[in-house]
Amino acid sequence: MPLARSLSVTSLSGLEEWDEEFDLEDAVLFEIAWEVANKVGGIYTVIQTKARLTAEEWGENYFLVGPYVESNVRTQVELIEPTNPVLKRTIDKMNASGCKVYFGRWLIEGSPYVVLIDVAFTAWSLDRWKSELWELCDIGVPWFDREANDAVLFGFLTAWLLGEVNCWDLEIHPPYVVAHFHEWLAGLGLVLCRHRQLPVATIFTTHATLLGRYLCAGNVDFYNNLAEFNVDKEAGDRQIYHRYCLERAAAHCAHVFTTVSQITAIEAEHLLKRKPDVVTPNGLNVKKFSAVHEFQNLHAQSKNRIQEFVRGHFYGHLDFNLDKCLFLFIAGRYEFSNKGADLFLEALARLNYLLRVNHSDVTVIAFFIMPARTNNFNVETLKGQAVRKQLWDTAQTVKERFGKKLYESLLVGQLPDVSKMLDKEDFTIMKRAIFATQRQCQPPICTHNMLEDSSDPILNCVRRIGLFNSSADRVKIIFHPEFLSSTSPLLPMDYEEFVRGCHLGVFPSYYEPWGYTPAECTVMGIPSISTNLSGFGCFMEEHIADPTAYGIYILDRRFRGVDESCNQLTSFLFQFCKQSRRQRIIQRNRTERLSDLLDWRYLGRYYISARHMALAKAFPDTYLYEPHDPTSTTGFRYPRPASVPPSPALSRHSSPRHSEAEDNDEDERYDEDLEAEKDRVNIRQPYSMPFKNKLSTANGANGSSDGDASEKN
């Protein structure tokens with residue numbers, strides 16, 4: 001009986017609904033990427049977070065394929081014997097032929113099966129396979145490009161693996177094989193599968209085009225000249241022509257070509273010369289809290305830890321109120337222009353001017369978390385944390401002495417004489433502690449010793465704009481050129497904990513195919529600024545009627561010049577600084593409610609769409625495909641909040657200012673809770689989708705899908 005499916009209009013733009021049941025026991029999914037159990041970049045996060053949902057959908061028929069890296073395998077993978085008889089015979093045959101292929105479980109959520117290939121062990125075949133690649137595709141790979149050499153080895157080995165899987169008897173061989181390849185490093189395997197005419201439905205996903213990243217790093221006017229680039233010449237000039245050819249060949253050979261955002265789809269159409277069939281946005285595993293305000297409590301706890309670091313970093317110059325201090329941050333790869341660090345610094349200088357001329361009592365501390373070349377921690381920074389700890393120990397000592405005297409006085413039934421509670425020794429200890437906090441220099445900008453201090457882009461820009469953490473400045477800057485870690489002696493916090501403690505994430509990227517950093521802010525209830533040149537920003541603009549009201553500020557970098565964009569960013573920051581504490585709490589509640597939009601539970605269905613489309617193209621005789629008119633698709637728009645948005649100029653909460661009693665007014669809480677419930681209803685209905693499979697039917701009491709179950713709850 002042929003497998004059939006139909007397409008219909010959905011609530012999410014571009015997402016197709018599947019009415020027919022698809023027997024996943026008759027199909028196997030291989031997901032191939034260099035980042036499987038191998039943390040290199042953002043694709044690792046995509047695969048790791050998506051694994052649980054895909055493993056639940058495909059069960060024992062889902063396998064991730066990646067490179068064998070011993071240091072990663074020791075800590076992340078449990079090696080076991082293959083459970084699938086076809087795969088076991090395939091791995092045994094490859095190992096007998098001079099390969100080293102390992103099988104195990106990746107110790108992450110979902111515990112998916114992984115097939116890990118040791119590419120270095122088969123390096124003796126590199127010259128032969130490179131010659132074969134030249135004969136088949138006219139692509140020559142230079143000897144000195146180690147990454148491209150690894151891509152050749154990995155590509156031939158994955159094609160070998162898929163070929164062996166497809167050559168066993170039909171009695172035990174699954175009739176449908178889906179192979180999903182991520183990025184150019186894995187793309188050669190797809191090209192070889194198509195050349196060898198293997199019965200495999202292939203999908204290729206580019207998370208960012210090679211040429212696009214190189215062009216943007218060269219400070220070209222990228223988006224206004226997309227249609228004008230001579231792609232072959234540009235790739236050749238940058239000595240990546242062989243990589244570009246591998247990527248472009250994979251994109252054209254795939255049954256289904258996908259990318260992660262609409263902005264990258266436009267880029268791929270011009271640079272790779274193929275329009276993506278499906279846009280597959282990146283999601284996250286969203287942890288929902290049992291208590292509505294639990295994430296607010298986590299914000300307060302993490303903020304207190306950041307404040308402790310700030311107390312030490314600014315010792316001797318702590319002349320601002322920490323309760324009126326806002327923590328902003330930017331994080332990611334150190335790409336000064338691509339990530340928008342240049343625009344952020346310029347906007348901070350303008351914000352500093354606005355706060356000073358308006359006599360604001362708000363202080364902004366901007367963190368730059370971008371790894372750079374360093375040789376150690378800055379001595380002055382470490383000293384600050386030591387001084388802070390010494391002050392704390394001194395305060396604890398005096399408190400214990402004071403408490404003991406108070407206790408003894410109360411024991412004898414007398415009220416203490418306050419003038420006698422602290423003696424000369426106590427005052428001496430406290431004076432010594434105060435003298436220790438004296439500092440002749442300004443608090444440091446950078447927490448580490450930079451190897452290239454004189455040429456560092458961030459430090460040079462700070463020197464130009466003159467933000468040196470002086471007492472007169474209302475904006476302070478801290479450059480932390482290292483990824484955060486809970487074991488750091490300086491700022492002992494994990495990245496997630498740090499994000500929760502901040503007030504606003506600022507990501508004014510010029511080139512950002514998706515943007516996990518603002519997405520992570522959203523699911524943790526932290527407002528963020530992104531751009532309409534990032535995949536995340538475009539996605540939120542498409543699905544939210546009024547993003548700003550939900551704490552998602554979208555900066556226009558596509559249709560405005562640099563100076564106009566900088567002014568708009570400055571305006572966003574200044575308006576945020578004018579919000580009251582109550583308004584920030586309301587905004588964080590709204591931001592956190594958007595987390596459902598970024599949950600793999602919903603966004604994973606774009607991948608389902610891509611797999612069905614690939615199967616329909618690869619097996620047209622047995623898998624029916626009914627095309628539909630894409631213009632008939634209606635997109636879902638998350639509604640504008642019913643209450644007044646938290647803008648200082650418009651909100652009734654800002655003027656006149658509420659008292660603490662008014663801030664806790666039950667009517668306001670009721671309005672906010674009612675608004676939240678309306679949003680939850682609105683987000684459920686559009687995402688509900690009648691697609692079913694055997695796994696979901698078996699797990700549901702009445703055979704309902706996850707979407708149906710969520711509505712019942």
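Hi everyone. Let's begin with one side chain: that of Thr591 comes within 2.7 Å of the backbone oxygen of Tyr550. Please keep in mind that this is a predicted model.

So where does Thr591 sit? Thr591 is part of helix 21, which covers residues 581-593. And is Thr591 buried or exposed? Its relative accessibility is 0%, and buried means under 20%, so Thr591 counts as buried. Leaving aside residues up to four places away in sequence, Thr591 touches Thr522, Gly525, Ile526, Pro527, Tyr550, Gly551 and Ile552.

Let's step back to the whole protein. It has 713 residues, and 56% of them are buried. You can find 26 helices and 17 strands in it. If we take contacts between residues at least 6 apart in sequence, 74% of them join residues at least 24 apart. As for the surface, the protein exposes about 31000 Å², with carbon and sulfur atoms supplying 51% of that.

Nine strands form an open sheet with mixed pairing, in the order 3-4-5-2-1-6-7-8-9. Strand 3 (77-79) and strand 9 (278-279) are at the edges; each has a single partner strand, so one side of each has no neighbour in the sheet. Elsewhere in the order, strand 1 (residues 27-32) pairs with strand 6 (residues 176-182) in the parallel sense, over six bridges. If you'd like a pair to look for, Ile32 has Phe181 of strand 6 as its bridge partner.

Which strands does helix 3 touch? Helix 3, residues 85-96, packs on the sheet against strand 1, strand 2 (62-67), strand 4 (101-106) and strand 5 (113-117), and its direction makes about 140° with that of strand 4. Helix 22, residues 600-618, lies across strands 1, 6, 7, 8 and 9, running at about 140° to strand 7.

In soluble globular proteins, nonpolar side chains tend to be buried together. Here, the largest nonpolar core has 92 residues, and Val310, Phe367 and Leu573 are among those with the most contacts inside it. Helix 12 (residues 341-357) gives this core its largest share, nine residues. Among the residues Leu573 touches are Phe344, Ala347, Leu348 and Leu351. There is also a second, separate core of 75 residues, including Cys99, Ala159, Leu190 and Leu272.

Technical notes:
Residues numbered from 1 in each chain as written. Predicted model: local features only at pLDDT ≥ 70, side-chain atom pairs only at ≥ 80, totals over all residues. Heavy atoms only, no water. Pairing = 2+ DSSP bridges. Helix = DSSP H or I, 4+ residues; strand = E, 2+ residues; numbered from the N terminus. Contact = heavy atoms within 4.5 Å. Axes fitted to C-alpha atoms, helices over the stretch in contact; angles between N-to-C directions. Buried < 20%, exposed > 50% of the residue type's maximum accessible area, 1.4 Å probe, protein only. Polar contact = N/O pair within 3.5 Å; in protein donor to acceptor, adjacent residues only side chain to side chain. Core = buried A, V, L, I, M, F, W, Y, C linked by side-chain atoms within 4.5 Å. Areas by Shrake-Rupley, 256 points an atom, 1.4 Å probe, with all protein chains shown as cover.
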